[in-house]
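Colleague: I am new to this kind of model, and I would like one careful, connected look at a single part of it. Could you begin with the first chain and follow it to wherever it touches its partner?

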Amino acid sequence: MAGSLTFALRRLLLAVPVLLGVVFIVMLTLELVPGDAVAMMLGEHATKEAVDRLREHLGLDKPLLVRYAQYVGQLARGDLGRSIIQNRPVVDELADTWPATLELTVAALLIAALVGVPAGVVSAVRPNSSFDALARLGSLFGLSMPVFWTGLVLIVLFSLWLPWLPVGGRGSLAHLVLPAVALALPSIAMLARLTRSSVLEVLHEDYVRTARAKGLQELAVVVKHGLRNALLPIVTLVGIQAGQLMGGAVLTETVFAWPGLGRLMVKAIFARDYVLLQGAVLVFALAFVLVNLLVDLSYGLLDPRISRQG
Amino acid sequence: MKRGGTRLATPLALLAAALALGALATPAAAQKRGGTLTIVRPTDPVSLDPHYETTAPGAWVYSNILESLIAIDEKLALHPKLATSWDVISPTRVRFKLRPGVRFHDGTPFDAAAVKFTLDRALKGTPPGRWASLAGPLAGAEVVDDLTVDVVTSEPFGPILRSLALVYAGIVSPTAVVKAGPDFSRAPVGTGPFKFVEWKTNTHVILERFADYWGDKAPLDRVVFRVLPEEGARMIALQTGDADMVLFPSPIQLAALRRDPKFAVHEATGLRVVFVGMHAKQPPLDDVRVRSALLHAVDLKAILANILEGAALPARGVLAPGVFGFKDMRLDQLYPFDRGRAKALLAQAGWNPGPDGVMQKGGQRLTLTWLAARGRYPKDGEITEAVQAMLRDVGVEAKVEWREWASAFTQFRGDPLSFHLFTLGWVTSSTDADSSLYPLFHSRQLPPGGRNTSRYANARVDTLVEQARRSLNQGERERLYGEAQDLLAKEMVWIPIYNTMEIVATRASVKGFGVHPVEYFLPLGKVWLDR
């Protein structure tokens with residue numbers, strides 16, 4: 001356990017240069033992309049003097065490296081700065097949006113795991129059955145349909161025709177259902193497919209035959225010996241999905257008017273508001289680092305052969 | 001003509017009777033109080049303080065919270081609001097008498113000091129407000145007494161009254177601004193019919209009726225502005241009753257909504273003209289015959305009918321009808337769609353068809369470069385493609401370079417501009433011709449300092465728009481702008497395509513609502529719910 005702790009601490013320390021690099025890349029990208037935050041903000045009727053004066057006031061006329069150093073200095077003091085367009089502390093913006101993103105991601109991951117993994121196991125136990133065929137078809141559907149389409153179909157079905165759920169927004173559990181399901185669909189499909197092949201592979205191993213031979217019930221064989229040993233790639237995929245769901249939820253957030261980080265980032269990019277964008281990207285990067293760490297730590301728990309020494 | 005008293009008496013009596021009947025039958029009699037109006041629109045505000053937000057998503061909300069000295073109505077006429085009267089006392093000074101007994105939402109009184117505070121904050125702040133440079137040479141305000149204030153400009157400025165009627169020029173409560181600091185941006189305090197309650201980012205903004213409003217109190221208890229970015233979702237919200245009002249309704253569904261008695265479609269002629277600009281200093285577009293040929297080559301009727309599907313009006317010039325100083329350029333008569341005339345004009349300019357149908361002159365092909373963005377204005381991308389095809393039909397090859405809006409915007413405002421053509425829109429949001437004709441067509445207003453993207457230069461037009469800008473005689477100004485537009489029409493540097501329409505869809509139960517031609521206003525003070 002102590003080994004795990006030092007491992008975790010080391011990984012977190014290593015995250016610092018990663019985050020600094022991320023900050024630099026974001027800044028550099030926005031610098032290279034044409035477009036000017038202040039001109040966009042003041043609009044087409046503003047005079048050049050007004051644009052220049054505000055740019056100077058905001059310090060945006062300084063060279064990239066100077067701004068980077070200033071930003072990192074601010075960051076070291078725990079200050080994420082103020083959004084350029086809104087003149088509002090970035091921390092407040094993140095505090096408004098981050099919980100919504102977390103809520104949606106966790107809900108979608110739960111749905112994906114609770115539906116995808118059992119579906120994959122059943123498909124593996126009964127390969128080429130009608131359930132397997134149905135699951136395969138469903139997976140194909142879930143993977144190929146874009147969320148802006150499935151999302152609208154869900155709204156038409158469950159808000160317009162069957163007036164059970166609200167059209168969009170965040171608040172109650174009812175608001176969460178449709179976006180979480182829409183976001184989870186591709187993940188369900190991927191998890192189901194991966195679980196199926198992974199479990200199928202394990203079920204042909206010698207130790208499974210041994211387990212069956214010693215008279216264990218089929219359910220115990222599949223779950224204890226099959227699924228447990230097939231879990232490593234599945235957990236890895238769940239980790240990757242967690243990252244993707246957080247970052248890839250922009251479309252879902254748009255269709256369902258979910259006030260999350262994805263839309264915040266899109267807004268920041270279109271407005272060329274690098275301070276706001278940095279804040280959002282940092283949160284994502286940090287979340288990625290943490291999820292990866294959790295996944296790596298879980299390997300040790302799932303498979304005692306993987307040690308955390310060295 | 002002899003005015004016979006008796007002959008007039010009957011019509012007058014009839015008129016009086018009609019007025020009396022009308023008064024009985026006005027909506028006021030049937031008007032119901034109370035209820036919550038839910039509005040869905042695609043984006044959240046940047047800020048609720050004009051100091052930080054000059055775009056519509058913020059203005060729709062704060063135009064119901066803050067009021068200006070002068071109001072501009074749906075017909076774009078000026079009316080007293082927080083000022084009851086005004087006098088031009090010198091070419092650079094207008095004296096306003098203020099409305100007595102008005103209170104801000106925080107209970108503090110509205111007075112001359114508040115007007116001075118608002119203007120000083122916007123014009124002299126560090127940095128100045130984001131709307132400061134849109135208001136022309138406004139210099140500030142001087143308190144004469146509690147209820148009298150002088151607004152001064154640094155030079156004579158004809159559109160001053162319209163500048164003060166801008167949505168941004170809403171008077172803020174000095175006490176609240178000082179108390180809230182930067183947070184005022186998320187909790188504005190004004191004198192309007194609604195006061196601010198709550199803003200949850202990307203979710204909703206809530207307003208409620210201001211019970212101590214100086215004028216007719218708003219019938220609605222509350223207004224909720226919700227964000228629904230997806231057009232389809234907005235339309236469904238209207239159908240399910242989750243929303244009472246949709247801003248930016250889906251154009252394709254408007255016909256169905258108009259037929260359905262459960263809904264109402266409200267519209268007004270907007271103030272934005274979307275056009276294909278021509279770079280008048282870039283050969284061969286420096287030849288007015290070539291420019292005219294391009295205008296003749298474009299079938300506006302087809303674009304309006306097939307691409308805009310009735311959600312816009314054909315452009316009638318470089319200004320929108322309704323703007324002060326607008327003169328109908330009669331483009332349909334000056335430049336009717338006529339490929340024969342287009343080709344003849346090109347031939348006059350020395351361009352003749354080459355082997356592949358593209359015009360040539362001395363071995364050089366008539367190829368034009370074009371800078372365009374997609375999605376900034378309704379159907380801008382489709383229009384660019386359609387005009388490109390129409391130009392090809394008269395032997396003009398146009399090569400379009402597509403850019404994302406922010407990057408295209410930087411290029412439009414840059415110098416030099418290495419494109420022949422560009423798809424752009426321009427809104428006369430001040431409702432005065434000055435804020436279009438001066439920055440767009442004055443020869444000294446070249447980018448990057450000015451907005452004369454077409455590099456148009458005509459000394460007479462310069463004189464006319466300068467005179468009109470400095471004159472405070474509105475009749476004279478109108479005449480000067482008329483002459484300037486006549487000159488522009490002869491040497492067009494734009495292919496004007498369409499004039500926006502401001503369209504709002506509501507449920508039929510929403511009464512007393514009228515769309516404002518200025519896209520930043522969303523007047524809700526008279527709206528009531530019939531349910």
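Modeller: Read from the N terminus on, the elements of chain A run α-α-α-α-α-α-α-α-α-α-α-α-α, and the count behind that pattern is 13 helices and zero strands. Please keep in mind that this is a predicted model. Taken along the principal axes, the C-alpha atoms of chain A fill a box of roughly 85 × 60 × 30 Å. Of the 310 residues in chain A, 39% are buried. If we consider the contacts in chain A between residues at least 6 apart in sequence, 75% of these contacts join residues at least 24 apart.

Let us now turn to the place where the chains meet. Chain A gives 42 residues to the contact and chain B gives 36 residues. On the side of chain A that touches chain B, at least two residues each are supplied by helix H2 (37-42), helix H3 (48-57), helix H5 (90-125), helix H7 (147-161), H11 and H12. Sorted by class, that side of chain A has 21 nonpolar, 12 polar and nine charged residues.

A:Ala257 counts as buried because 28 C-beta neighbours lie inside 10 Å, and the cut-off for a buried residue is 20 or more. B:Arg455 lies in the loop between helix H15 (434-441) and helix H16 (459-470) of chain B, and it counts as buried because it has 21 C-beta neighbours inside 10 Å.

Buried residues bring us to the interior. In soluble globular proteins, nonpolar side chains tend to be buried together. Here the largest nonpolar core has 244 residues, and B:Leu294 and B:Ile497 are those with the most contacts inside it. Helix H8 (residues 173-203) of chain A brings the largest share of this core, namely 15 residues. If we leave aside its neighbours within four places in sequence, B:Ile497 is in contact with several residues of chain B, among them B:Val274, B:Phe275, B:Leu300 and B:Ile383.

In chain B, four strands form an open sheet in the order E4-E5-E7-E6, with antiparallel pairing. Its edge strands are strand E4 (83-90) and E6 of chain B, each of which pairs on one side only. Neighbouring strands of this sheet are turned by 25° against each other on average, direction ignored. Looking at one pair, E6(B) and strand E7 (residues 148-153) of chain B pair in the antiparallel sense over six bridges, and B:Leu138 stands opposite B:Thr153 in E7(B). H4(B) lies across strand E5 (93-98), E6 and E7 of chain B, and it runs at about 160° to E6(B).

Between helix H4 (112-124) and strand E6 (138-145) of chain B there is a loop that holds B:Pro127, and the peptide bond joining B:Thr126 and B:Pro127 is cis, with omega about -5°. Another cis peptide bond leads from B:Asp415 to B:Pro416, with omega near -5°, and B:Pro416 lies in the loop between helix H14 (405-412) and strand E19 (421-427) of chain B.

Key: Residues numbered from 1 in each chain as written. Chains lettered and ligands numbered in written order. Predicted model: local features only at pLDDT ≥ 70, side-chain atom pairs only at ≥ 80, totals over all residues. Core = buried A, V, L, I, M, F, W, Y, C linked by C-beta atoms within 7 Å. Buried ≥ 20, exposed ≤ 12 C-beta atoms within 10 Å, placed from the backbone. Contact = placed C-beta atoms within 7 Å. Nonpolar A, V, L, I, M, F, W, Y, C, P; charged D, E, K, R; others polar. Pairing = 2+ DSSP bridges. Axes fitted to C-alpha atoms, helices over the stretch in contact; angles between N-to-C directions.
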